[in-house]
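I set out to record what can be read from this model, entry by entry. The annotated positions come at the start, and the chain as a whole comes at the end.

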Amino acid sequence: MIRAALIKPNGYPSSSLKAFRGNGVKTYWSQSRTFFFGSSSDDGDNKGDGKGSSSKKSEASDAIVTEATSSNENLPSRQGFGDEAPRYPHLTALPVISKPLFPGIVTSVTVTDEETINALNKISSDSGPGGYIGTFLRKKYPNGVTDGGVIVEHPELITDASDLYNVGTLAQIHRITHNYIDEDEHSDPSSQESILHDGKTASVLLLGHRRIDLLSIDKMGPPIDSTVSHWERLLYKMGDDSSKDDVIRALSNEILKTIRELAVHNPLFRENATFFPTRVDSNDPYRLADFAASLTTGSAEDLQAVLHEKDPEIRLNRALELLSKERELSKLQQEIKQKVEEKMTESQRRYMLTEQLKSIKKELGMEKDDKEELIGRYRKKIAEFTDVPKEVQETMDSELEKISTLEKNSSEFNVTRTYLDWLTSIPWGKTSKENLDIGDARKILNRDHYGMDEVKDTILAYIAIGKLKGGIRGKILCLSGPPGVGKTSIAKSVANALGREFFRFSVGGLSDVSEIKGHRRTYVGAMPGKLAQCLKTTGTMNPLVLIDEIDKLGTGYRGDPSAALLELLDPSQNSSFIDHFLDVPLDMSKVLFMCTANDLGAIPGPLLDRMEIVILSGYDVPEKIQIAQEYLVPKALQESGLIELDRNDDASDADNIAETISTSSTENQDTTQDESQTSVPESLRIERSAIEKLVRWYCREAGVRSLNKYIDKISRKLALQVVAEAEGAELTKDSMRKSDTWCISENNLEDYVGKPIFTSDRLYDKDPLPNGIVMGLAWTSMGGSALYIETQAIRRGTDPEGKQRGGGMLKVTGQLGSVMKESTEIAYTVSRAQLADIDPSSSFFDENDIHMHVPEGATPKDGPSAGVTMTTAMLSLALGKPIRNDLAMTGEISLTGKVLPIGGIKEKVMAARRAGIKCIILPDQNKRDFDEIPEYLKEGLDAHFASDYPTVYDVSFS
């Protein structure tokens, strides 16, 4: 007997419901399990008893949710089932989603619209035991989800009749379950009024009877009123058509076979297959197709097609197709489940065997436990060290004794293990074999870098001392110079020349002292400092350590890293450097430290005092050309695949490099043809004239970084042109080859790199210069440039009495820094004093205001080296005497007319030569710097040295 308590006209019977309470929500449950009534179908079978059947599992499930009655007084009578159900022409229509309701099937539908819920309650109450409605599958959003992936809030509401399929099912309401928010915890849950007003959603249990056609929608509702027509009973008689009978029989047998196969894998099919003989007449194709389709999880459209079909053969075919898909899906699920189970079983089996093997080996003494093995590994590593300091050895022994007493799973065990890992990772007593051959070291240094003689000589001197004393002690070198001159790369070459391991870390922006000294072990995630990590990484106690960007150290609340470096970079203290994490002395005296900086003024004095300074000035034009020919061009062509470069050890031989460049295209042709069938033209090369033009008019910075970028750009475009022409591919106007040659010269250089950035160093070409204009020399990050100082007199106006207004005034423009502004004021005072000595009768400065300007106002300018130039410009304006256009000067001036020394002499001399200057004036104290400049830079240059301004005046106005 089916245990079901149906709704009475006066609402829920208090004796057949239980209230469940949770999270403020009361829910009244009744039977909502889907099953099949044997007497219900669309073909009007009235032989059933209307009672159906259910499993013991169902009875148990029902017993949990509802107190069912054992009598039949609440069950629907036989009258009104199947074809004998009423044929109402007007019904309340209920749109459903996911799948249609089939005749003879009991299905639970969730309703969310309150007005629809009230209408269904009214129908159920007014019609005696249950009421009748029409259910139709939604055509628009049949799965309850919009095209944009949004869930339809009220699927039982529609806006147009076309939103529903035309074929639906006449359904009888068996039960309505309400879920509502309990606003008053003490309200009567059995009150019909409470349920109706507080209800938010409802689960409606429906029994399908027959198919109906939707003729029209009379009211959109909610609820929806519709006019329908009922299907007549469909019967199939065997014997009318033998061939069709065979097809029907075959399809029916195949459906039954498929259901049995599905029952093996799917519990839902297994339960329905158990009660299949009592529910469905297998000789009725209509009922069999409906039953089979209702079991599947097919798409809403495919299930609606079964509901819509009248032909028995087609209906069976559609049902069989859905079952076949369900069978394949079940097989796939079974395969996935089997693979997962096999994997889990195999993992468990391996785990059990591994544990048994460990236990057996331990019993036989063949293997120790993890902790003993770990301690043994530590002792073995400690025994390999040749020279462990006594304090370190005592610490290791103490930690080993400590870890042997700790539980393996304790936090202290892991901390001690990490500490021992680091202690035994330091290469105590291990050093790399050093190269003490000066000739070999010079070859390595010359192979990688051109010039830098001072750095190379310093390293060779260290090697010579090491050869005499039997080893090179640690030193601290600081390479200072503008960006791009090779400070970082020369350090790696020095490591190769000495035969030492190389380690680099940058301290630019570093504000945490723990990066140098390490963290205390009490912190979670504590780590040693960079120096301890360096020793572990290199595996030696005498590596070459490059501390990059030391002039850009930061400071913060975590300490001052520059102060921490004082101990590290002091040769008298670093033999016992203490890392906070290791907490044992580290001998860093054998380490060769090299630092790089752009501005020595940004390095703290005590730290700078501990380092040996090597100044790397910018490269001049011949040096850049040589570097490009020997290093940059071959490297760029090789990386672009245009040559195969095989450099000899003596890379300083320019002829050898040039020969490699000229012949490598031929050697590369056969290799490239084998790999990509693209040959490189033999005439492809970058000539010296192109490099010289690049240096003069594109790349004026002190280093060669920008020059390297331009050469890389040329080689990439050449590679593109070679491959494109070999393949016949079309290139853009900017990328295609515009000349007939593969040789890059000054004539076609602009086709590859564009127009020159710099056009001229001279703002004034006529000789002499206009009064009040003088060329000065300035140091910049570009390496040096010519800088004009312009002055103009502004005659003062007079008042009505004929007296001049105001006093002497100096106006300065050109975005000058504070130092240069002070220089202008000093120069103005010196100019007035010098004019009084030269021409006591002159009142020029009393009658005129002076406006001084330094061109290129968008460029910030500052520095103490323009005093003599400013003074000369103002005197030229006051005396009306012009300055020759091939004269340039530099130097600061004091208030008494003394010429003070300045820096950047080499760069300024290079700028003067580039501007075509023949005569320069320099401070007398910079004569030593001028003498150190290469002779080819001084050739044809008339240099004068001045200790006071009268000397400058004599040279300028002679």
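**Entry 1: Lys908.** I looked up the neighbours of Lys908 and found that Lys908 touches Leu777, Ala778, Trp779, Ser865, Thr890, Ile902 and Gly903, leaving aside residues up to four places away in sequence. I note at once that the model is predicted. Lys908 lies in helix H28.

**Entry 2: the UniProt record.** I consulted UniProt, where an unreviewed entry places the feature "active site" at Ser865 and Lys908. The two positions are spread over 44 residues of sequence, yet they cluster in space, with a largest C-alpha distance of 10.9 Å.

**Entry 3: Ser865.** I located Ser865 in the loop between strand S21 (848-853) and helix H27 (867-879). Is Ser865 buried or exposed? Ser865 counts as buried because its relative accessibility is 15%, and the limit for that class is under 20%. Leaving aside residues up to four places away in sequence, I listed Leu777, Thr890, Gly891, Glu892, Ile902 and Lys908 as the residues that Ser865 touches.

**Entry 4: Lys906 and Glu623.** I next examined a salt bridge between Lys906 and Glu623, in which the closest N and O atoms are 3.8 Å apart. This pair links distant parts of the chain: Lys906 belongs to helix H28 (residues 905-914) and Glu623 to helix H20 (residues 621-639), 283 residues apart. I recorded both Lys906 and Glu623 as buried.

**Entry 5: Arg211 and Asp290.** I then turned to Arg211 and Asp290, whose side chains form a salt bridge at 2.7 Å, N to O. Arg211 lies in strand S7 (residues 199-219) and Asp290 in helix H7 (residues 285-295), so the pair ties together parts that are 79 residues apart in sequence. Arg211 and Asp290 are both buried. I also noted a network of salt bridges that links Arg211, Asp290 and Arg315.

**Entry 6: Glu935 and Lys938.** I checked a further salt bridge, between the side chains of Glu935 and Lys938, at 3.2 Å, N to O. Both residues lie in helix H30 (residues 935-938), 3 residues apart, which is about one turn of the helix.

**Entry 7: a nonpolar patch.** I looked at the surface and found a nonpolar patch formed by Leu329, Leu332, Ile336, Val340 and Met344, with about 450 Å² of accessible area together. I placed Met344 in helix H9 (residues 312-364). Met344 has a relative accessible area of 47%, so I classed Met344 as partly exposed.

**Entry 8: the whole chain.** The secondary structure of the protein chain comprises 31 helices and 26 strands. How many salt bridges does the structure hold? I recorded 29. Of the 958 residues in the protein chain, 48% are buried. Among contacts with a separation of 6 or more, 75% involve residues 24 or more positions apart. The protein chain exposes about 46600 Å², and carbon and sulfur atoms supply 49% of that area.

Conventions:
Residues numbered from 1 in each chain as written. Predicted model: local features only at pLDDT ≥ 70, side-chain atom pairs only at ≥ 80, totals over all residues. Heavy atoms only, no water. Patch = residues over 30% accessible without salt bridge, like charges linked within 9 Å, V, L, I, M, F, W, Y side chains within 5 Å. Areas by Shrake-Rupley, 256 points an atom, 1.4 Å probe, with all protein chains shown as cover. Salt bridge = Lys/Arg side-chain N within 4 Å of Asp/Glu carboxyl O. Helix = DSSP H or I, 4+ residues; strand = E, 2+ residues; numbered from the N terminus. Buried < 20%, exposed > 50% of the residue type's maximum accessible area, 1.4 Å probe, protein only. UniProt positions renumbered as here; feature names shortened; annotations may be inferred. Contact = heavy atoms within 4.5 Å.
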